[in-house]
Amino acid sequence: MAETRIFWAIECAEDEPEYFVCMSCLNEVYRCKVPSACPTCDAISTFEAFRLAGIRDWGSESLVAKAEQASTDPPARPPAQPMPHVESPSLTEMPSS
Ligand SMILES: [Zn+2]
C-alpha cells in the first residue's frame, strides 16, 4: 500500500517557536508543518511547538539532528505564494569533504 503522508502547514511568525515535536514519542520534529499523524507512533494531534534552542536543550541526539535537518527544509508554503523565479542549484550534489 502506498504511504500517503499529509502535512498541515503552520503559520509561524519570526518570533514564534516554529519546530513541532511529537510529544508522544519525542522522535519526530517538523518545521512550520505537522503531519496528520505521527509517522513514528501514529499519534494524532500530539505535536507541540518549540524553539530549536529548546529542542537542543532537552531533545535526544536524533531529535536534534532531525530538527537541524528540518531547518534546511523549505517550509510548506500556501499555494497563493508563487515560487521565486530563480534557478535553484542542484541540492543533490553535496561537496565531498
Ligand atoms: Zn510520535
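Modeller: Two strands pair if DSSP finds at least two bridges between them. Strands themselves (E, at least two residues) and helices (H or I, at least four) are DSSP runs, numbered from the N terminus. With that in hand, take Tyr-19, which stands opposite Phe-50 in E5. Before we go on: this is a predicted model, so local features need pLDDT of at least 70 and side-chain atom pairs count only at pLDDT 80 or more, while totals for chains, interfaces and linings use all residues. Residues are numbered from 1 along each chain as its sequence is written.

Colleague: Fine. What makes E2 and E5 a pair?

Modeller: They share four bridges, in the antiparallel sense. The cut-off is at least two, so E2 and E5 qualify. Besides Tyr-19 opposite Phe-50, you can find Cys-22 opposite Phe-47 of E5.

Colleague: And how do you know that E2 pairs with E3?

Modeller: Three bridges join those two, again antiparallel, and at least two are needed, so this counts as a pair as well. Tyr-19 has Arg-31 as its bridge partner in E3. E2 and E3 make a hairpin with six residues between them, and Leu-26 in the turn has a positive phi of about 50 degrees.

Colleague: Why are E3 and E5 called edge strands?

Modeller: The sheet is open, with three strands in the order E3-E2-E5. E3 and E5 (47-50) each pair on one side only, and that is what "edge" says. Neighbouring strands here are turned by 30 degrees against each other on average, direction ignored; the angles are taken between axes, lines fitted to C-alpha atoms (for helices over the stretch in contact), and run from 0 to 180 degrees between N-to-C directions.

Colleague: Why is Asp-42 called exposed?

Modeller: Count C-beta atoms, placed from the backbone: with 20 or more others within 10 Å a residue is buried, with 12 or fewer exposed, and in between partly exposed. Asp-42 has 11, so it is exposed. Asp-42 sits in the loop between E4 (33-35) and E5 and has a positive phi of about 70 degrees although it is not a glycine.

Colleague: What makes Ser-45 buried or exposed?

Modeller: Its count is 12, and the limit includes that number, so Ser-45 is exposed. Ser-45 is in the loop between E4 and E5, and its phi is positive too, about 60 degrees, with no glycine there. On E2, by contrast, Tyr-19 and Val-21 point one way, Phe-20 and Cys-22 the other, and all are buried.
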